[in-house]
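Let's take a friendly walk through a protein model. Have a look at the structure below, then read on.

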Amino acid sequence: MIVLGIESSCDETGIAVYDSDKGLLAHTLHSQIEVHAEYGGVVPELASRDHIRYLIPLLEQALQRAGKKKSEIDGIAYTAGPGLIGALMSGASVGRSLAWALGIPALEVHHMEGHLLAPMLEDNAPPFPFVALLVSGGHTLLAYVRGIGQYELLGQSLDDAAGEAFDKTAKLLGLGYPGGPALAALAEKGTPGVYKFPRPMVDRPGLDFSFSGLKTFALNTMQKAAHADGSDGELTQQTKADISLAFEEAVVDTLKIKCCRALEQQHCKTLVIAGGVGANKRLRADLAEMSEQLGGELFYPRIEFCTDNGAMIAQAGCFRLMAGETQPLEIDARARWSMQDLKAI
Ligand code: KG4
Ligand code: ZN
């Protein structure tokens, strides 16, 4: 079965062609960084317009790269939520209409299920069951995954998602948008031990997270540093790097402690990282070290499939279409959508 996947939930337009036998055939991606950079964050209306501009050209390009004609597509999978409603609607409208015109089924895909199953795009796919750490710009959660659609929520962020905390702290440091990768890059130049940030909620039982306090801690640290003896109210690039490093260490350490707790609680040795923050090098390295110490195995997708992309949507949609899932013709994108509502296949 050949499935065309469409991702348009936020600030990236992604299209992919996935073959149920051969795996991913081709994918294309357009990032809206240039559109939103001058505003310091994603402007929803501009995001929708940009998706509309790029969806069809990217779709043509992906099919060409895959060596497939539209008539060879057996099904279309598009992100129906969660995300920005206008952005979702643009991909959903293209997906449903094209499927209708071609007389093939179209299926809604949950964006976070796409992320969660993204490590299966790799040759060394994780076996079920596993503990998944899903860390993106909008969500941070730990789930016990028994199979596709069988997601037991173990814990989640009570306030800011990990990616959101990275983005907001980066903004405070004047690093602009997108903040996470910029802060991580600056942290590489930081000196360890200059600043120490707290590890929120690790001394409490349970697997929930809270990252909003770290952003406030960063602000206080910046203000103190700016008024320290010898400073003229401006932070040096080195101080910004030292704060970035201390912040990154705190987020990564907190995630690591909770992942370890989740694996022990579930008597599981397989850990999966997915979502945009999964691209963070320190997180990957620290969790790999922890998994090794526990005698377990860590799985994550290549960097380009950590952040938003069409391949993960095409794959998740293909799994569900192959299982015979069908849906009515209406276009029903939603900004909020719980993963718990997904059907097991
Ligand atoms: O999964 P994703 O592409 O979009 C959502 O579904 O939200 O995740 C985007 C998030 C942003 O908050 C971004 O700053 C963060 O992932 N991110 C990173 C890194 N690369 C992306 N955070 C930390 N370090 C990175 N290298
Ligand atoms: Zn995402």
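## Rings, charges and a zinc ion

The structure holds five aromatic pairs; rings of Phe, Tyr and Trp (its six-membered ring) pair if their centres lie within 6.5 Å, and planes under 30 degrees apart count as stacked, over 60 as edge-to-face and the rest as tilted. Phe209 and Phe211 are stacked, because their ring centres are 5.8 Å apart and their planes are at 15 degrees. Both of these residues, Phe209 and Phe211, are buried (under 20% relative accessible area, with exposed over 50% and partly exposed in between, for a 1.4 Å probe and protein chains only). Elsewhere, ring pairs join Phe166, Phe197, Phe217 and Phe247 into a cluster.

This is a predicted model, in which local features need pLDDT of at least 70, side-chain atom pairs count only at pLDDT 80 or more, and totals for chains, interfaces and linings use all residues. Residues are numbered from 1 along each chain as its sequence is written, chains are lettered from A and ligands numbered from 1 in the order in which they are written, and side-chain values use heavy atoms, leaving out hydrogens and water.

Charges can also sit over rings (NZ of Lys or CZ of Arg within 6 Å of the ring centre and within 35 degrees of the ring normal):

| Charged residue | Ring | Distance from ring centre |
|---|---|---|
| Lys258 | Phe209 | 5.6 Å |
| Arg334 | Trp337 | 4.2 Å |

Which residues coordinate the zinc ion (ligand 2)? They are His111 (NE2), His115 (NE2) and Asp308 (OD), at 2.0 to 2.1 Å; donors are N, O and S atoms within 2.8 Å of the metal (3.2 Å for Na, K and Ca), and water is not among the atoms, so sites may look incomplete. His111 is buried, with a relative accessible area of 5%, and Asp308 is buried at 12%.
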